[in-house]
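The sequence and structure come before the text.

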Amino acid sequence: MKHDKKNPGSTSSPESIRTSLSLSGIKQDLNENLQYILGKPASMITLNDQYLAVAYSVRNRMIQYWMNTVETFFMSPSKAVCYFSAEFLIGPQLKRNLISLGIYDTMKLATHELNMDLDAIIEHEPEPGLGNGGLGRLAACYMESLATLGVPAIGFGIRYEHGMFHQTFRDGWQVELTDNWLQLGNPWEIPRPERVYDVYFGGHTESYPDANGRTKVKWIPGKIVKGMAYDTPIMGYKTETAGMLRLWKAEAHESFDFQDFNTGDYYGAVEMKVAAENITKVLYPNDEQLQGKRLRLEQQYFFVSCSLQNLIEMHLLKNAALDDFPETFAVQLNDTHPSIAVAELMRLLVDKYNLEWDNAWRITEKTFCYTNHTLLPEALEKWSVPLFSNLLPRHMEIIFDINQQFLDDVRARFPQNNPRIGQLSLIDETGEKYVRMANLACVGSHAINGVAELHTELLKKHTLSDFYAITPQKFSNKTNGVTPRRWMVLCNPRLTSLITEKIGDGWIQNLEKLKELEAFADDKEFLAKWWLVKQNNKREQAEYVFNKTKVSLNTYSLFDVQVKRIHEYKRQHLNLLHIITLYNRIKQNPGIDITPRTFVFGGKAAPGYEMAKLIIKLINSVANVVNTDPDVGERLKIVFIRNFNVKIGHRVYPPADLSEQISTAGKEASGTGNMKFSMNGALTIGTLDGANVEIRQEVGAENFFLFGLDATQVEERKASGYSPMDYCNSNEELRAVIDRIQSGFFSGGDENLFRPLVDSLLYEDKYMLMADYQSYLDCQEKVNALWKDQEAWTRVSMLNVARIGKFSSDRAIREYCRDIWKIDL
């Protein structure tokens with residue numbers, strides 16, 4: 001049966017109930033889902049049943065587009081993008097898919113007529129535990145933009161049974177609880193029990209001659225794990241294209257041993273099943289111990305191997321040989337986590353498909369592209385050679401061979417550059433031997449990109465400078481972007497309506513059209529409506545915060561927000577130094593005129609990162625004091641929203657007035673939260689770091705609160721002998737802040753609780769808080785001055801939105817297609 005693509009349910013066939021976009025068709029589908037799929041009588045239907053019924057009805061309407069996209073790919077010579085990522089922070093899917101299909105209003109009416117509350121159903125949807133931070137959220141935005149732009153795409157990753165963790169607080173300390181996101185079912189995924197691949201671990205290799213006398217290698221594994229596919233359609237916005245997220249679940253090759261069971265060894269009977277399923281049990285297991293490191297490497301290799309086996313199989317359905325594999329698939333490595341793919345594709349091509357080494361290497365290098373997401377050397381993954389050899393013995397051999405060939409080529413081409421050899425090598429031999437995964441990705445990819453202009457320049461000059469010196473043609477910049485469909489249309493319907501009322505809805509698919517708003521920069525009536533949208537968003541946020549924390553917020557205060565992963569370089573504690581400074585001023589002079597502010601924090605600390613967890617404790621401890629001090633009143637409030645994720649992001653970005661992007665210059669690769677805040681009308685206070693530089697260029701320097709040292713000045717200050725104690729001793733307010741923390745004022749008299757944090761600031765200050773403190777305070781005074789002029793502030797807020805068009809993920813994907821993947825749009 002062939003559906004009308006403009007209305008998949010337009011046929012009169014019995015199946016049209018599953019695809020109809022009409023009110024009656026959707027209502028009938030909902031009822032049938034409740035009765036025949038969920039098997040519940042009306043009297044026993046729960047909110048979760050309603051959610052599943054609605055989700056299945058929406059998925060039904062997506063599947064035809066998805067199948068058409070797949071069929072078109074296999075019947076045409078088009079190239080598909082394959083996005084390899086350890087994370088896909090896709091967020092809740094129901095409302096996004098309703099908006100993409102253009103049936104949100106129809107579904108709201110249908111559920112209302114069936115005595116369901118669509119808002120409650122949307123709120124009930126759990127957050128998929130498939131990612132943690134910007135890396136995974138970027139992958140999700142890119143998958144949505146690929147579908148919206150009509151590019152065939154598959155995202156490959158891991159179907160984590162549990163997310164990173166569910167964050168809660170106990171006495172102000174972060175506590176990690178299990179994230180059981182799959183507990184009540186995931187209606188968006190389709191299990192593919194027939195799509196299963198074997199993945200080898202451990203064992204040893206054996207050499208043997210083939211029929212032509214060539215030496216071949218056979219891997220004799222110590223353990224075999226099966227990987228099973230779970231597929232989720234990713235719908236483009238008001239388009240006929242749907243991409244696919246294919247996630248792999250680990251299963252035992254033999255899940256049950258009858259012999260062990262019959263002899264009474266009940267645990268032994270299922271031991272292989274438990275060991276195999278641990279691979280996809282948890283997102284980012286703590287890798288402080290060797291077992292955690294081993295599991296991380298197992299996870300990365302597992303999903304990469306399943307994905308490449310699958311891609312080769314798909315390629316051979318379209319083509320007779322593997323020589324043109326790079327013309328079928330462009331594989332983007334999202335950071336170093338999937339970089340083992342370089343060695344795995346070589347193994348498959350050489351060992352399984354019997355290609356000559358040189359031809360296999362040509363295919364491999366043309367297939368892969370590598371995105372680097374970090375400037376921190378410690379974040380560039382490397383694995384000890386003993387661990388790597390034990391777990392992946394064949395890949396260790398292949399990496400040694402790649403390294404030998406690569407270094408020989410470097411020596412031949414650049415005999416004068418021999419000092420670079422040690423840095424270029426895939427093996428770090430400065431002490432214990434390590435496999436450098438970033439180096440493997442650089443050698444095995446035809447394209448390398450950073451994610452912001454500054455980040456890319458710093459990669460060239462520092463982090464990957466040796467690779468840039470010998471292969472400059474591989475490097476380019478692709479500044480990150482985020483999808484406006486989720487981060488404006490979905491999360492900020494009030495602002496979306498106001499903008500659309502003024503300039504139409506074309507901006508949703510072409511964000512550059514927001515520039516048309518500049519014509520209304522001096523329209524007092526429009527600016528008044530803009531301010532009202534922000535106020536209504538703040539009232540909604542205040543109600544949510546009160547229900548969760550019982551903290552009452554002043555909605556006429558300046559909402560000052562910093563939500564991101566808790567890390568010293570992101571400098572949540574610099575924000576806190578400012579807050580304590582304001583508190584000290586109030587205590588010294590209770591009648592002082594201080595701009596009312598609501599400080600909002602959110603973010604998780606890695607379970608093994610003690611300093612980050614201590615920062616969370618200090619934020620909560622300061623909040624407990626400030627929020628209850630009668631001298632402060634309504635002038636200052638501090639809220640730490642627990643378990644920050646996409647769903648909470650929907651609530652946090654729209655009401656924000658000020659976006660804190662205050663990382664040490666030269667440390668943040670790009671950031672995407674900075675873009676989301678600007679899209680929702682927040683003004684930015686920030687350093688010249690990551691994408692802040694480009695945001696400031698786009699919105700105008702006069703509409704951005706800039707402070708602090710730049711990346712060059714940071715390095716110069718450190719090189720000249722930076723002394724944080726000197727800054728502290730020479731700044732009376734800074735000294736008073738440090739003294740208040742040291743005194744035990746925020747810790748019930750315990751002077752030792754925050755000593756590690758204070759000592760790190762006074763004696764090392766790796767991230768230059770002391771050097772930037774006064775500049776930060778001075779800049780915050782400029783914030784206060786503008787805030788006092790409501791109309792001027794609102795005008796700048798509107799201009800931030802009007803000039804943010806560059807930071808759409810659609811623009812980023814167009815650049816990848818043009819420059820790296822070579823796909824015509």
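Cys 369 in the nine-stranded sheet described below is placed opposite Ala 447 of strand 15. The model is a predicted one, in which local features need pLDDT of at least 70 and side-chain atom pairs count only at pLDDT 80 or more, while totals for chains, interfaces and linings use all residues. Residues are numbered from 1 along each chain as its sequence is written, and side-chain values use heavy atoms, with hydrogens and water left out. Helices (H or I, at least four residues) and strands (E, at least two) are DSSP runs numbered from the N terminus.

Strand 11 and strand 15 run parallel and are joined by three bridges. Strand 10 also pairs with strand 11 in the parallel sense, over four bridges, and here Val 331 stands opposite Phe 368. Two strands count as paired if DSSP finds at least two bridges between them. Strand 11 is covered on both faces: Phe 368 and Tyr 370 are buried on one side, Cys 369 and Thr 371 on the other. Buried means under 20% relative accessible area, exposed over 50%, and partly exposed in between (1.4 Å probe, protein chains only).

The nine strands form an open sheet in the order 5-8-9-2-1-10-11-15-16, and the pairing is mixed. Its edge strands, strand 5 (190–201) and strand 16 (475–477), each pair on one side only. From one strand to the next the twist averages 25°. Angles run from 0 to 180 degrees between N-to-C directions, and axes are lines fitted to C-alpha atoms, for helices over the stretch in contact.

Helix 16 (residues 437–444) lies across strand 10, strand 11 (368–371) and strand 15, at about 135° to strand 11. Contact means heavy atoms within 4.5 Å.

Another open sheet has six strands in the order 19-18-17-20-21-22, with parallel pairing. Strand 19 (636–641) and strand 22 (705–706) are at the edges with a single partner strand each, so one side of each has no neighbour in the sheet. Strand 22 pairs with strand 21 (residues 683–686) in the parallel sense over two bridges, and Gly 686 stands opposite Leu 706. Helix 23 (residues 610–626) packs on the sheet, touching strand 18 (597–602) and strand 19, and its direction makes about 140° with that of strand 19.

Helix 30 (residues 755–763) has Leu 757, Val 758, Ser 760, Leu 761 and Leu 762 buried. These buried residues pack against helix 22 (572–588), helix 23, helix 28 (724–730), helix 29 (732–742) and helix 31 (769–787). Asp 765, with a positive phi near 50°, follows helix 30.

Tyr 544 belongs to helix 21 (residues 524–549) and is buried, with a relative accessible area of 15%. Apart from neighbours within four places in sequence, Tyr 544 is in contact with Ile 648 and Arg 651. The C-alpha atoms of Tyr 544 and Ile 402 are separated by 55 Å, and the two residues are 142 residues apart along the chain.

## Cavities

A cavity is a set of points, on a 1 Å grid over the protein atoms alone, where a 1.4 Å probe fits but cannot get out; lining residues have an atom within 4 Å of a point. Grid points are joined across faces, edges and corners, and a volume is the space filled by probe spheres set on the points. The count is seven cavities of 30 Å³ or more. The largest cavity holds about 140 Å³ of space. Its lining has 20 residues, of which Ile 90, Pro 128, Trp 181, Asn 186 and Trp 188 are the closest to the centre. That lining divides into twelve nonpolar, five polar and three charged residues. Here Ala, Val, Leu, Ile, Met, Phe, Trp, Tyr, Cys and Pro count as nonpolar, Asp, Glu, Lys and Arg as charged, and the others, Gly among them, as polar.

The second largest cavity has a volume of about 70 Å³. Residues lining the second largest cavity include Ile 90, Gln 93, Arg 96, Arg 137 and Glu 144. Helix 6 (residues 134–148) gives the most to this lining, with four residues. The lining of the second largest cavity divides into four nonpolar, two polar and four charged residues.

Technical notes. On a 1 Å grid over the protein atoms alone, a cavity is a set of points where a 1.4 Å probe fits but cannot get out, and a pocket is an open set with protein on both sides within 12 Å along at least five of seven lines; lining residues have an atom within 4 Å of a point.
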